[in-house]
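Open the model in your viewer and keep the selection tool at hand. Each stop below says what to select next and what is there.

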Amino acid sequence: MAVSPTRVARRRIANGFFTAACIAVTVLALAALAAILWSLVSQGLAGMNLAVFTRSTPAPGSSGGLANAIVGSIMLGLVAMAIAVTIGILAGTWLAEYAGMSRYGSAVRFLNDVLLSAPSILVGLFVYEILVAPFRGFSGFAGAVALSLLAAPVITRTTEDVLKLQATALREAGVALGTPPWRVIGRILWRSGASGIITGALLAFARISGETAPLLFTALNNQFFSLDMRGPMANLPVVIYQFALSAYDDWRRLAWAGALIIAASVLGVTIVARVLSTEQKHS
Amino acid sequence: MLKTILAACAGVAAAVACSTAVAATISGAGATFPAPVYAKWAETYTAQSGLLLNYQAIGSGGGIKQIEAKTVDFGASDKPLKPDVLAANGLMQFPTVVGGVVPVVNLPGIAPGGIRLTGAVLADIYRGVRTFWDDPAIKVLNPGARLPHERITVVHRSDGSGTSFLFTSYLALKAPHWAKEVGANDAVSWPAGVGGKGNDGVAAMVKQTPGAIGYVEYAYAKQNHMTYALMQNHAGGWVAPTAENFAAAAAGAKWGAAPGFYLLLLDQPGAKSWPITGATFILMHLKQTNAANAHAVLAFFDWAYKNGAPAAVQLDYVPLPDPVKALVRKSWLKIVGPNGQPVYR
Amino acid sequence: MTAALAAHFPRRRSRPRGARLEPLFEGVCFTAATALLASLGGVVVSLIVGGWPALSRFGFGFLTTSTWDPVKEVYGAAGPIAGTVITSALALIIALPIAGGVAFFLVELCPAFLRRTIGTAVELLAGIPSIVYGMWGLFVFAPFFSQHVELPVMAAAPPGSLMESLTQGIPNGSGLLAASIILAIMILPFMAATLRELLMTVPPQVRESAYGLGATMGEVVMKVTLPYVRRGAIGAVMLGLGRALGETMAVTFIIGNSHAFPKGLFDSGSTIASTIANEFTEATSPLHTASLIALGLVLFAITFTVLALARLMLRNQARL
């Protein structure tokens with residue numbers, strides 16, 4: 001280049017590159033998403049019909065559906081999220097508001113991050129040791145506990161991050177009105193951070209919704225319809241795992257349909273939560 | 001909002017905790033290979049008897065561990081336990097159905113059954129000693145075939161599996177080198193090649209890689225229309241992997257002389273016997289604390305022996321020969337309840 | 001910002017309404033945090049107990065040798081350890097700029113009507129079961145990767161060059177690099193969604209004043225908003241890294257599953273998590289099971305080290 005560009009022009013060019021790069025990687029990410037979604041939707045829809053929602057998992061060659069696994073997964077997911085959301089929000093709140101710089105606080109914070117990356121099969125193994133082997137039987141409860149151990153650290157982490165990002169002014173305003181900390185947290189901080197905390201909960205739900213490994217040794221799976229959380233419980237991930245790699249076409253179709261159902265339900269929950277949180281902001 | 005969620009969560013947890021049992025279920029877990037046929041039998045049997053028998057494929061190793069830990073009413077394994085191991089754990093085992101392992105290849109221009117292999121050559125390929133398809137040792141077996149000068153890509157199972165156990169046991173039986181350097185197990189230290197997850201993963205990798213060789217259960221080779229190899233059996237004949245030839249191997253075996261039914265159906269005598277054949281097994285405790293459950297399990301398999309053959313055949317399994325079934329029924333008398341009486345006659 | 005909220009209160013003087021419940025609330029929160037700590041402690045203790053037979057038998061050699069032979073009962077974890085570190089690092093290197101780009105795009109550039117759609121689409125990616133990624137990787141991505149990346153690159157690499165040794169392996173679309181790319185796709189939505197959420201929490205005044213001073217969008221993002229959410233951003237990266245380290249199902253399908261020490265990026269490898277998932281359900285001998293559990297312990301140690309390093313880096317940055 002003959003003439004060196006001015007400072008402004010250089011900054012403008014740099015910004016142009018930055019903008020172009022952002023757009024390019026977004027397009028790339030969306031392309032990958034589209035490719036995977038295409039596989040999932042095209043193969044999932046091929047296996048979808050009313051029987052999928054009304055009948056239990058069949059043997060190869062028989063007709064059937066995924067009703068037992070869908071109901072089982074909903075029960076496992078609800079119980080697991082109930083435990084994880086309770087523990088996660090409370091623990092994240094403690095870390096953000098009460099732990100301060102204390103050594104115990106840093107330890108919990110640090111070990112929570114370690115727990116985030118615990119391979120799910122090892123968490124399943126741990127729950128097997130404490131809830132399955134001693135009671136001589138697989139159970140839905142054990143499965144829910146294993147899932148909640150995977151979800152809780154995600155919620156803890158996001159809750160802490162979100163609360164720490166709340167402006168100090170919010171807290172000071174609460175304090176100035178003579179409100180005790182717990183009410184400031186409950187009425188002001190949780191509320192203003194709701195969107196972020198919900199994102200954390202959704203990520204946690206997304207993480208556990210497709211997990212096979214921790215369920216294999218805890219909830220096991222059940223060929224039949226069962227609402228008994230004390231016994232082996234049917235669930236979508238294990239059914240998908242067993243069916244997707246089988247030699248029989250009718251099982252494979254059900255596996256893809258099941259995968260589509262999981263993805264769609266994560267999407268559905270995401271949308272509902274978003275709508276709820278925006279509605280609240282407006283009110 | 002969040003408090004509403006918290007409250008709702010607590011409510012759900014309480015409601016679910018209160019839900020109660022509906023029907024008693026018999027549970028079993030273990031080997032992946034027979035899971036489809038057990039599911040089929042259970043489905044039909046439930047319709048007839050009302051008993052819910054829930055079998056879950058968690059792997060043979062899992063099946064053995066679970067029956068030892070008594071978390072299930074019966075375990076299942078593709079790998080029979082040796083009589084001394086059975087005795088040490090107070091267990092007994094019996095075979096249910098038979099299946100075969102099939103070497104499959106991806107060679108353009110070669111039709112299914114268009115290539116012949118022996119156990120020794122197969123072992124050399126899997127050891128990484130024979131690296132090209134036009135290797136003299138392979139050419140000698142296939143005088144008519146046009147073998148390309150293509151590098152052999154070896155594909156094996158990455159996950160521990162009964163299929164690998166049967167396959168490596170066969171190679172160890174036929175090739176001393178293999179027995180010494182690698183050995184036989186459900187997972188081994190593979191000298192060469194890439195690992196695919198499950199039968200399906202192996203089948204996909206073979207299909208996608210020209211020059212690849214792999215091994216899969218019969219049902220996968222058949223359903224995927226893969227190019228299988230003919231194998232030389234004990235009698236010296238070249239046989240194809242068919243249900244008929246698996247049955248021949250099972251019929252020729254001396255079950256009566258095998259304590260605890262510890263028997264691999266490898267390289268069995270008989271003109272039609274497929275050399276890489278194996279049965280899959282059920283594991284149960286000899287001393288039962290819950291006689292009713294044990295009775296239900298045995299009643300189920302008794303029913304399956306009588307009525308389950310058509311379903312098994314339809315799913316590409318081979319039913320046991322009748323004399324073997326009689327032997328198994330006799331062995332059930334050794335399973336006793338708390339009162340010392342056999343739980344099922 | 002990190003100062004404890006409780007510090008704002010004079011402890012004794014006035015007693016506002018509901019103040020008596022304060023210790024109770026703090027106690028409940030503290031119990032929840034302790035429960036988390038206890039469960040992690042439980043996991044680690046059960047791993048140490050379960051893996052001890054292998055560790056005591058092989059000692060330090062468990063980490064440095066790469067023979068993994070279930071027949072001869074000799075177990076060395078160097079191969080899976082290398083595979084874990086390489087795939088996770090590569091996945092992070094690939095995913096981080098993309099996740100950042102997506103988040104910046106959504107917050108700063110995207111037209112409002114598209115923002116929600118794309119944001120939801122990215123989050124949807126997080127909801128797809130990992131076995132789907134594995135099967136997509138094996139059936140769709142691997143043939144493409146083999147044809148359009150591995151074969152041309154291997155053909156183009158000059159013999160004897162670093163490039164050639166880096167790209168050793170069987171070009172069938174499976175291997176370390178392919179697994180890293182699949183992992184990157186999997187952790188991308190986690191990181192992008194959290195980053196976006198963090199960037200949205202930056203008070204508008206902060207961004208607006210930066211723009212008001214004439215900063216370009218790139219400058220606002222890199223010099224103002226990103227540093228503002230730095231701590232949370234590292235948290236987001238850790239979330240992604242955590243999933244990459246512990247991911248089993250998708251990796252197993254496409255990494256080639258060889259326990260040997262990997263020779264190149266296209267070579268088969270294995271990760272700790274994939275080895276455990278592959279062999280745990282079938283392992284029958286006590287030493288095999290113990291070795292797999294010991295592998296899990298090693299994974300914890302790796303995570304521990306990575307997090308400790310991240311902490312250290314943050315602390316140094318804070319001093320500047």
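Select chain A and chain C together. Between them, eight residue pairs are in polar contact, both residues of a pair being at pLDDT 80 or more. A polar contact is a pair of N or O atoms within 3.5 Å; within protein, one must be able to donate a hydrogen and the other to accept it, and residues adjacent in sequence count only if both atoms are side-chain atoms. The term pLDDT stands for the predictor's confidence in each residue, from 0 to 100. On the side of chain A that touches chain C, helix H1 (residues 7–46) of chain A gives the most, with 18 residues. Helices (H or I, at least four residues) and strands (E, at least two) are DSSP runs, numbered from the N terminus. Sorted by class, that side of chain A holds 59 nonpolar, 23 polar and 13 charged residues. Here Ala, Val, Leu, Ile, Met, Phe, Trp, Tyr, Cys and Pro count as nonpolar, Asp, Glu, Lys and Arg as charged, and the others, Gly among them, as polar.

This is a predicted model, in which local features need pLDDT of at least 70 and side-chain atom pairs count only at pLDDT 80 or more, while totals for chains, interfaces and linings use all residues; side-chain values use heavy atoms, with hydrogens and water left out. For selecting, residues are numbered from 1 along each chain as its sequence is written, and chains are lettered from A and ligands numbered from 1 in the order in which they are written.

Stay with chains A and C and select A:Arg11 and C:Glu219. They form a salt bridge, with the closest N and O atoms 2.7 Å apart. A salt bridge is a side-chain nitrogen of Lys or Arg within 4 Å of a carboxyl oxygen of Asp or Glu. The count between chain A and chain C is one.

How many residues does the contact take from chain A and from chain C? It takes 95 from chain A and 92 from chain C, where contact means heavy atoms within 4.5 Å. The two chains bury about 8,700 Å² between them, 78% of it on carbon and sulfur atoms. Buried area is the accessible area (1.4 Å probe) that two parts lose on being put together, summed over both. Now pick A:Ile36, A:Leu165 and A:Trp182: they supply 8% of the area that chain A buries against chain C, more than any other three residues.

Next, show chain B with chain A. This contact takes 37 residues from chain B and 50 residues from chain A, and the area buried is about 3,800 Å², of which carbon and sulfur atoms give 65%. Select B:Asp200 and A:Arg252, whose side chains meet in a salt bridge (2.5 Å, N to O). Helices H1 (2–18) and H2 (35–49) of chain B are among the elements that give two or more residues to the side of chain B that touches chain A. Its largest share, eight residues, comes from H1(B).

Now go to B:His156, in strand S6 (residues 153–157) of chain B. Is B:His156 buried or exposed? B:His156 is buried, because its relative accessible area is 3%; buried means under 20%, exposed over 50%, and partly exposed in between (1.4 Å probe, protein chains only). Not counting residues up to four places away in sequence, its contacts include B:Tyr126, B:Trp190 and C:Asn257.

Last, select A:Leu177, in the loop between helix H7 (168–176) and helix H8 (181–192) of chain A. A:Leu177 counts as exposed, at 74% relative accessibility.
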